[in-house]
Structures are given as C-alpha cells and as structure tokens.
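Hi,

Here is the structure I promised to pass on to you.

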Amino acid sequence: MCVMNISTLPMQKINTFFESYSRALELYDTKGMAFLYNIPCTMVSDDATTVFNDAGRLEGFFNTGIGFYRQFGIAIVRHEIWSRREWTGRIINVKVNWQYLDSLNNPIYNCDYQYVLKLDKNNQWKIVLSVSLNEKERLEEWKLKVRG
C-alpha cells in the first residue's frame, strides 16, 4: 500500500503543472501553453497590463514569444518553484524562477515570475494572473553579455 503525505499533494500538483508548462515551452506548443491559462487572464509587467478574454488571442501572444525562443536557440526550459502560498483552498500564489538554456544545456538567461493559479470547474489548475518580475531586465543583461 502506498501512503502519500496529504500535505505534499498540492505541491506535487503545482510541480506537475509547471512541468507541463516547461514542456509546452520547449515544444513551442502555444496551444498547450494557452490551455494552462484561465480565460479571462491577466499578464502584468512594469511596462504593460494585458487582459486576454480569448484563447486565440492569448495563443497569438505566445506565438510572438516562441519566435524569440527559436531565434535565440532556447531549447531547454526549467522551472524552480521558490515559494507557494495558498490563499484559499482553490487559489494559490506561486513564485517561479525560469531558466532558459540552449540545446547543449548552456544557460541563456533566467527570470522570475509570480503566478496566481485557481482550480477550475474540473479541478485543474489554471493561471489567472501572470506577473513578470524581471524578465525584461534579465534579457537586457543577457543581450549586453552577448554583444561583449
């Protein structure tokens, strides 16, 4: 008989969720990425706040990002959950560090995001809010290093 510690179960589900997200990024699967978001959802950075009321529009947004990934050779995407805070039984806040690497496992850049996830009517986690904490700055740092 397998006994699972009930207190680790939500964290395992969150890890599985972000493993799915990482896999979708690596496969350039914009439909898979969009599937992980609730509609409507909001994306926030220092420069912009964007609300997506349509999955097709969200997928289009991801297509733009995937073009960047291909151009700069991003082939491996890893995530590390730095913190997780349950706000209610169905809403959770998660801080994630994303690491982007080339096909030889060399780091390209990393960045931090905060996510608010909510269980949908099918008890599946979906992102309702995505906040970029420092991606723009990290990309600029990386571009300066590349230029030498």
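Please keep in mind that this is a predicted model. Let's start with the sheet: six strands make up an open sheet with mixed pairing, and their order is β2-β1-β6-β5-β4-β3. The edge positions belong to β2 (49-52) and β3 (76-86); each has a single partner strand, so one side of each is left without a neighbour in the sheet. From one strand to the next, the twist averages 20°.

Further in, strand β1 (residues 37-44) pairs with strand β6 (residues 125-132) in the parallel sense, over four bridges.

Next, the helices. Helix α3 (residues 55-71) packs on the sheet, where it touches β1, β2, β4 (91-101) and β5. The direction of α3 makes about 50° with that of β1. Helix α4 (residues 135-147) lies across β4, β5 and β6, and it runs at about 170° to β5.

Then there is the interior. In soluble globular proteins, nonpolar side chains tend to be buried together. Here the largest nonpolar core has 36 residues, and those touching the most other members are F18, Y21, Y37, W98, Y109, Y115 and L117. Strand β5 (residues 107-119) gives this core its largest share, seven residues.

Which residues does Y109 touch, not counting those up to four places away in sequence? They are F68, Y69, I74, W98, Q99, Y100, E135, R138, L139 and W142.

Best wishes

Methods. Residues are numbered from 1 along each chain as its sequence is written. This is a predicted model: local features need pLDDT of at least 70, side-chain atom pairs count only at pLDDT 80 or more; totals for chains, interfaces and linings use all residues. Side-chain values use heavy atoms; hydrogens and water are left out. A nonpolar core is a set of buried Ala, Val, Leu, Ile, Met, Phe, Trp, Tyr and Cys residues joined through side-chain atoms within 4.5 Å. Buried means under 20% relative accessible area, exposed over 50%, partly exposed in between (1.4 Å probe, protein chains only). Helices (H or I, at least four residues) and strands (E, at least two) are DSSP runs, numbered from the N terminus. Contact means heavy atoms within 4.5 Å. Two strands pair if DSSP finds at least two bridges between them. Axes are lines fitted to C-alpha atoms, for helices over the stretch in contact, and angles run from 0 to 180 degrees between N-to-C directions.
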